[in-house]
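Good morning. I would like to take a few minutes to go through one structure with you. Please have a look at it before I go on.

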Amino acid sequence: NVTDFIGSDYIFENEIFNGTVIPMWDSASKNTAINNFIEKYDIDLSKSYAYGDTNGDINMLRRVGNPIAINPTKELINHISGDEDISKRTKIIVERKDIVYSLSPNINILDI
């Protein structure tokens, strides 16, 4: 039942990609999009979900009541585990080959 979305814009001229991308992957762009959706739809972020996988998602994850990190980078896991509030609320989901599992934000990272 999704009725609205936002993502990166890839600019085309005469049906040919001109190489210009208006990004949606950085933290500032995501915060602006969230603020616009809040205003447009009167969203309660405490009841909202956000899904992220990289460090650019940390502020988005901090803003919602139900943050979920999916296949997160090491940097994102470090930010989550280093923040007492978000580490208590975040679910970390990992998809690997034929299994999907959840981890605690306080995982032990092995640097090989």
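Leaving aside its neighbours within four places in sequence, which residues is Ser-87 in contact with? I will come to that after a few words on the whole chain.

What you have here is a predicted model. The protein chain has 4 helices and 6 strands. Going along the sequence, they come in the pattern β-β-α-β-α-β-α-α-β-β. The C-alpha trace spans about 50 × 40 × 25 Å along its principal axes.

Of the 112 residues in the chain, 26% are buried. The chain exposes about 8,000 Å², and 51% of that comes from carbon and sulfur atoms. If you take contacts between residues at least 6 apart in sequence, 28% of them join residues at least 24 apart. As for charge, there are 11 positive and 17 negative charges, and their mean positions are 8 Å apart.

Back to the opening question. Ser-87 lies in helix α4. With its neighbours within four places set aside, Ser-87 is in contact with Ile-80, Ser-81 and Pro-105. Is Ser-87 buried or exposed? Its relative accessibility is 15%, so Ser-87 counts as buried, the cut-off being under 20%. The side chain of Ser-87 also has a polar atom that lies 3.0 Å from the backbone oxygen of Glu-84.

Asp-83 sits in the loop between α3, residues 74-81, and α4, residues 84-89. Asp-83 has a relative accessible area of 19% and is therefore buried, by that same cut-off of under 20%. Which side chain does the side chain of Asp-83 join in a polar contact? The partner is Arg-62, and the contact is 3.1 Å.

Last, helix α1, which covers residues 27-41. This helix has 15 residues and reaches 21 Å from its first C-alpha to its last, close to the 21 Å expected at 1.5 Å a residue. Its buried residues include Ser-29, Lys-30, Asn-31, Ala-33 and Ile-34. A general point on spacing: an α-helix has 3.6 residues a turn, so residues three or four places apart point the same way. What do the buried residues of α1 pack against? They pack against α2, residues 58-63. Just after α1 comes Asp-42, with a positive phi of about 55 degrees.

That is the end of my part. Thank you.

Technical notes:
Residues numbered from 1 in each chain as written. Predicted model: local features only at pLDDT ≥ 70, side-chain atom pairs only at ≥ 80, totals over all residues. Heavy atoms only, no water. Helix = DSSP H or I, 4+ residues; strand = E, 2+ residues; numbered from the N terminus. Buried < 20%, exposed > 50% of the residue type's maximum accessible area, 1.4 Å probe, protein only. Polar contact = N/O pair within 3.5 Å; in protein donor to acceptor, adjacent residues only side chain to side chain. Expected span 1.5 Å × (residues − 1). Contact = heavy atoms within 4.5 Å. Areas by Shrake-Rupley, 256 points an atom, 1.4 Å probe, with all protein chains shown as cover. Lys, Arg positive; Asp, Glu negative; His and termini not counted. Charge placed at Lys NZ, Arg CZ, Asp CG, Glu CD.
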